Amino acid sequence: MSQRPLELVCPAGTPAALRAAVDAGADAVYLGFRDETNARNFPGLNFDRTELQEGLTYAHDRGCKVSVAVNTFPAAGNPGPWRSAVDAAADLGADAIILADIGLLDYTTRHYPEMRRHLSVQASASNIEAIRFYHEAFGVKRVVLPRVLTLAEIAALNAQTPVETQVFAFGGMCVMAEGRCALSSYVTGRSPNMDGVCSPASHVHFQQEGNKLVSRLGEFTVNVFLDGEPAGYPTLCKGRFITEGRASYLFEEPTSLNVIDMLPQLMAAGVTALKIEGRQRGRAYVAQVVAAFRHAVDAASRGEAVPQPDLAALTEGLRDTSGVYSKTWQ
Amino acid sequence: MNHAETGMSRLTLGPVLFNWPAETTRDFYFRIADEAPVGIVYLGEVVCSKRSAFFEPYLPEVVDRLERAGKEVVYSTLALITSERDMAEVRAVTARTDVRVEANDVAGAAMLAGRPHAIGPFVNIYNESTLAYFVGKGATRVVLPAELPARSLAVLAKAAEGTDLEVQVFGRLPLAISARCHHARSRNLRKVSCQYVCADDPDGMDVETLDYEPFLAVNGTQTMSHASVNLVHELDALQEMGIGGFRLWPHSIDMCAVARVFRDVLDGRQESQAAEARLAELVDFAPFSNGFYHGREGAAWVTAPAPSPDVSSGSVLESF
């Protein structure tokens with residue numbers, strides 16, 4: 001029996017990645033402007049106004065929706081860049097704006113009541129009352145759920161709300177509740193909430209010390225690799241630290257999320273959309289992951305066995321897990 | 001309103017973030033009631049609902065003792081609400097109309113809308129539009145996020161128009177919260193079967209880098225700074241901006257003495273340099289930091305410019 005397929009929402013860090021995602025079968029892509037107004041404010045990424053316009057045409061011609069993320073928290077005394085981003089997204093005809101800040105949600109609701117509003121994961125709406133609030137106050141149609149919930153909790157939320165939910169399906173994974181983490185700014189002065197960056201490359205240093213490769217973020221050592229050990233990017237919460245004399249991946253191993261083995265369960269839980277993370281990724285990565293999920297989502301919607309492509313080469317630390325949606329992960 | 005001029009600066013004691021034995025917590029608050037020069041005391045579990053039941057039996061006598069000592073009591077609520085248990089706990093507190101409540105999640109704020117309440121530092125208020133939204137819903141007191149720099153604090157203070165703003169000025173900073181219990185994980189346990197190992201570390205479990213540099217502290221599902229924030233040198237500037245509330249986070253040290261130091265500086269009875277030296281004697285678990293305030297990495301300790309009687313501490317503001 002066929003069920004409504006999960007919507008596949010894919011990252012577009014660049015115009016090339018946008019085209020790759022659309023061509024590979026994305027139902028929607030999400031992107032941001034080239035400044036601090038979005039949570040992937042990395043050098044060389046994102047869109048200007050003209051590129052967005054071209055991207056919208058390319059996607060819309062092929063039946064793909066485009067959401068614009070304006071999902072950092074506007075700086076006090078300087079709302080201009082964030083409001084301009086919302087204005088531009090609305091003017092150019094984006095299909096949805098992804099927001100986190102309540103003041104900016106308020107602005108968007110007043111000025112563009114017809115514009116579809118999604119709640120960014122950065123707003124960390126993790127329970128029914130929070131979702132109800134964003135729905136009633138700002139007409140939010142979809143909530144990107146923070147990755148703090150079990151599958152059972154997600155199902156319970158969906159049973160209680162008309163708001164669509166979107167969950168993280170593949171890619172980098174926050175260990176902490178999103179939008180409520182100041183670890184990066186504690187170490188680098190640059191934060192996801194204010195600057196749209198976490199553990200920014202500008203503060204990363206790799207140093208060979210004898211037979212060890214040391215990775216540092218700011219002044220602090222995040223990991224040490226012996227010769228031959230694959231060295232990962234020093235995202236703070238994926239580092240190795242010492243507690244009570246013992247070194248471990250205290251917060252999380254360098255692993256990626258991959259829910260491709262649980263699509264039927266996510267459908268049964270009432271989830272509307274899957275989010276592929278990775279606006280910082282190249283178009284080849286995007287094409288491969290999106291194509292794999294396109295096949296899997298279509299198979300799941302037809303009630304067929306879901307193909308399990310080997311995406312290990314694309315995952316952080318060459319490992320992936322769907323375990324985060326179970327109680328045992330906690 | 002400039003609180004410095006009207007003498008309205010209030011020292012507050014944030015909720016105990018750690019899992020202390022209930023009797024220890026009770027005795028701690030008795031002493032606070034009797035000796036600490038703080039105007040507001042926040043009570044309640046913010047980090048993990050698995051801990052909440054332990055202190056509940058002692059709550060009435062603690063509230064009574066604090067109120068009889070002239071302290072205003074505010075009930076703090078959970079920062080991360082995911083389970084039914086979490087939600088039930090927050091609903092129960094926010095349903096009470098006889099007490100003041102601090103919301104630490106948007107859910108709590110929504111349930112408190114329409115009557116006076118406080119918004120805690122775990123709700124993201126980064127700008128004047130968001131502040132105005134919450135004030136419009138009845139927030140009369142707002143505790144600002146830890147990572148805000150002075151220039152944001154100044155803008156918010158100007159925009160607050162009578163709503164009391166509070167800044168975290170002492171203690172390890174809560175930096176992150178997770179669904180996962182890292183305290184349990186460090187002992188190869190899980191949150192569901194955690195054996196309450198967080199109780200072993202009254203000021204958080206030390207986290208070091210692989211080269212043994214003190215780095216963070218883990219408190220159950222919460223990750224905190226290793227350093228203790230200390231804005232004793234910035235109190236004058238904060239008051240000039242119009243910030244009227246100064247939050248001390250409880251630690252297992254002599255918090256009455258800590259409060260007296262801050263009170264003395266606020267009242268002009270002690271210079272901040274002497275106060276820093278006294279606080280360094282009291283804080284035996286970590287160095288100080290004030291980087292967030294100065295727009296730097298939070299772990300940084302920015303030392304005051306060379307003392308000069310002519311330069312007021314408002315110089316931080318003037319440099320923007």
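**Reading the labels of a predicted model**

Colleague: Why is B:G295 called partly exposed?

Modeller: In this predicted model, B:G295 has 17 other C-beta atoms within 10 Å. A residue counts as buried at 20 or more such atoms and as exposed at 12 or fewer, and 17 lies in between, so B:G295 is partly exposed.

Colleague: Where is B:G295 found in chain B, and which residues is B:G295 in contact with, leaving aside its neighbours within four places in sequence?

Modeller: B:G295 belongs to the loop that runs between β12 (288-289) and α13 (315-318) of chain B. Once neighbours within four places in sequence are set aside, B:P149 and B:A150 are in contact with B:G295. The C-alpha atom of B:G295 is also separated by 7.7 Å from that of B:L148, although the two residues are 147 residues apart along the chain.

Colleague: How do you know that α11(B) and α12(B) are roughly antiparallel to each other?

Modeller: The axes of helix α11 (residues 255-266) and helix α12 (residues 272-282) of chain B cross at roughly 175 degrees, and they come within 10 Å. Angles over 145 degrees count as roughly antiparallel, and therefore the label applies to α11(B) and α12(B).

Colleague: Which residues in α11(B) meet residues in α12(B)?

Modeller: On the α11(B) side they are B:A257, B:V258, B:V261, B:D264 and B:V265, and these meet B:S272, B:A275, B:R278, B:L279 and B:L282 in α12(B). By class, seven residues of this contact are nonpolar, one is polar and two are charged.

Colleague: What makes β8(A) mostly covered?

Modeller: Six of the six residues of β8(A) are buried, where buried requires 20 or more other C-beta atoms within 10 Å.

Colleague: How do you know that strand β8 (residues 176-181) of chain A pairs with β7(B)?

Modeller: Pairing asks for at least two bridges, and two bridges join β8(A) to β7(B), with the strands running antiparallel. As to individual partners, A:M176 is bridged to B:S178 in β7(B).

Colleague: How many residues of chain B are in contact with chain A?

Modeller: The contact takes 53 residues of chain B and 52 residues of chain A. Among the elements that give two or more residues to the chain B side are α6 (106-112), α8 (150-159) and β7 (164-178) of chain B. By class, that side of chain B divides into 25 nonpolar, 15 polar and 13 charged residues.

Colleague: Why are β9 (204-209) and β11 (220-226) of chain A called edge strands?

Modeller: The open sheet is formed by three strands in the order β9-β10-β11 (chain A), with antiparallel pairing. Each of β9(A) and β11(A) pairs on one side only, and these are the edge strands. The twist from one strand to the next averages 20 degrees.

Colleague: What makes strand β10 (residues 212-217) of chain A a partner of β11(A)?

Modeller: Six bridges join β10(A) to β11(A), against a requirement of at least two. One of the bridged residues is A:L217, whose partner in β11(A) is A:F220.

Colleague: What does the domain assignment of chain A give?

Modeller: Domain 1 covers 7-173 + 255-329 and domain 2 covers 190-248, and the centres of the two domains, taken over C-alpha atoms, are 27 Å apart. Twelve residues from domain 1 and seven residues from domain 2 take part in the contact.

Technical notes: Residues numbered from 1 in each chain as written. Chains lettered and ligands numbered in written order. Predicted model: local features only at pLDDT ≥ 70, side-chain atom pairs only at ≥ 80, totals over all residues. Domains from an automatic or database assignment. Contact = placed C-beta atoms within 7 Å. Helix = DSSP H or I, 4+ residues; strand = E, 2+ residues; numbered from the N terminus. Nonpolar A, V, L, I, M, F, W, Y, C, P; charged D, E, K, R; others polar. Axes fitted to C-alpha atoms, helices over the stretch in contact; angles between N-to-C directions. Parallel < 35°, antiparallel > 145°, perpendicular 65-115°, else oblique.
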